[in-house]
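Subject: Structure handover

Hello,

Here is the structure we talked about handing over. My notes on what was found in it follow below.

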Amino acid sequence: MLTSRFSLISLLGLLLLCSGCAAKSDSLYQQLGSHNGVSQITDSFLQNLAKDPLIAHHFEQTDIHVFRQRLIEHLCVVSGGDCVYKGESMFDSHVGLHISQADFDAVVGHLIDALKQQHIPIATRNALLAKLAPMYQDITYH
């Protein structure tokens with residue numbers, strides 16, 4: 001009797017431990033809501049950009065439908081999703097745009113706002129921003 005209780009408690013403990021492991025193994029892409037979540041974040045982000053006169057002029061010659069699709073692919077790949085990014089490198093896509101620190105900061109702010117609008121938890125927001133931050137050098141001042 002005591003052995004069976006111990007086994008049952010051990011089994012429950014193991015199940016709880018495994019459920020905790022499963023939650024931690026969710027990829028950042030899954031935490032962002034997978035394809036639908038990343039698409040909604042992208043749409044909110046684009047709406048935020050369109051309202052900002054400091055940034056909107058950078059997209060006057062941009063095909064927004066193509067940009068939207070490439071951004072969804074990029075966020076998917078960066079966050080560990082099973083996608084293929086079909087766009088140019090960050091460096092090549094920003095050459096000649098003369099993106100300043102103020103421009104970059106404004107875009108990051110709009111992305112953070114989009115993440116908040118989609119109710120993405122702060123830890124997940126920070127994890128995504130940490131993945132994107134190393135791209136700063138490829139985006140600004142060239």
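How many helices and how many strands does the secondary structure of the protein chain come to? It comes to nine helices and zero strands. Please keep in mind that this is a predicted model. The protein chain has 142 residues, and buried residues make up 32% of them. Of the contacts with a separation of 6 or more, 72% are between residues 24 or more positions apart.

Core

The largest nonpolar core has 27 residues. Those with the most contacts inside this core are Leu32, Ile41, Phe45, Leu115, Leu128 and Leu132. At least two residues of the core come from each of these elements: helix H2 (28-31), helix H3 (34-50), helix H5 (64-78), H7, helix H8 (122-132) and H9. Which residues does Leu132 touch, not counting residues up to four places away in sequence? They are His74, Leu75, Val78 and Leu111.

The largest pocket holds about 920 Å³ of space. It is lined by 32 residues, and the closest to its centre are Phe67, Leu71, Met90, Ser93 and His94. Two or more lining residues come from each of H3, H5, helix H6 (90-94), H7 and H8. H5 gives the largest share of the lining, six residues.

Disulfide

The structure holds one disulfide. Cys76 and Cys83 form this bond, with their sulfur atoms 1.8 Å apart. Is the disulfide of Cys76 and Cys83 right-handed or left-handed? The torsion about the S-S bond is about 75 degrees, so the disulfide is right-handed. The two cysteines can also be described by their accessibility. Cys76 is buried, with a relative accessible area of 1%, whereas Cys83 is partly exposed, at 30%.

Aromatic pairs

A search of the whole structure finds two aromatic pairs. One of them is formed by Phe59 and Phe67, with 5.1 Å from centre to centre and 65 degrees between the planes, and this pair is edge-to-face. Phe59 is partly exposed, with a relative accessible area of 22%, and Phe67 is also partly exposed, at 25%. Phe67 is also among the residues closest to the centre of the largest pocket.

Phe104 and Tyr136 form a pair as well: their ring centres are 4.8 Å apart and their planes are at 85 degrees, so this pair is edge-to-face. Phe104 lies in helix H7 (residues 101-117) and Tyr136 in helix H9 (residues 136-139), so the pair ties together parts that are 32 residues apart in sequence. Both Phe104 and Tyr136 are buried.

Two residues with contacts across the sequence

Asp52 is found in the loop between H3 and helix H4 (53-56). Is Asp52 buried or exposed? It counts as buried, because its relative accessibility is 13% and the cut-off for buried is under 20%. Leaving aside neighbours within four places in sequence, Asp52 is in contact with Ala106 and His110. Asp52 and Ala106 are 54 residues apart in sequence, and their C-alpha atoms are 8.6 Å apart in space.

Ile64 is found in helix H5 and is partly exposed, with a relative accessible area of 39%. With neighbours within four places in sequence left aside, Ile64 is in contact with Leu46 and Phe59. The C-alpha atoms of Ile64 and Leu46 are separated by 8.6 Å, and the two residues are 18 residues apart along the chain. Phe59 is the residue that forms the edge-to-face pair with Phe67.

Backbone

Most residues other than glycine have a negative phi. Two residues are listed here for their phi values. Ser34 has a positive phi, near 55 degrees, and is a residue other than glycine. Its place is in helix H3, and Ser34 is partly exposed, with a relative accessible area of 26%. His98 has a positive phi of about 55 degrees although it is not a glycine. The place of His98 is in the loop between H6 and H7, and His98 counts as exposed, at 61% relative accessibility.

Regards

Definitions and conventions. Residues numbered from 1 in each chain as written. Predicted model: local features only at pLDDT ≥ 70, side-chain atom pairs only at ≥ 80, totals over all residues. Heavy atoms only, no water. Disulfide = S-S within 2.5 Å. Buried < 20%, exposed > 50% of the residue type's maximum accessible area, 1.4 Å probe, protein only. Phe/Tyr/Trp six-rings, centres within 6.5 Å; stacked < 30°, edge-to-face > 60°. Helix = DSSP H or I, 4+ residues; strand = E, 2+ residues; numbered from the N terminus. Core = buried A, V, L, I, M, F, W, Y, C linked by side-chain atoms within 4.5 Å. Contact = heavy atoms within 4.5 Å. 1 Å grid on protein atoms, 1.4 Å probe; cavity = no way out; pocket = protein on both sides within 12 Å on 5 of 7 lines; lining within 4 Å. Points joined across faces, edges and corners; volume = space filled by probe spheres on them.
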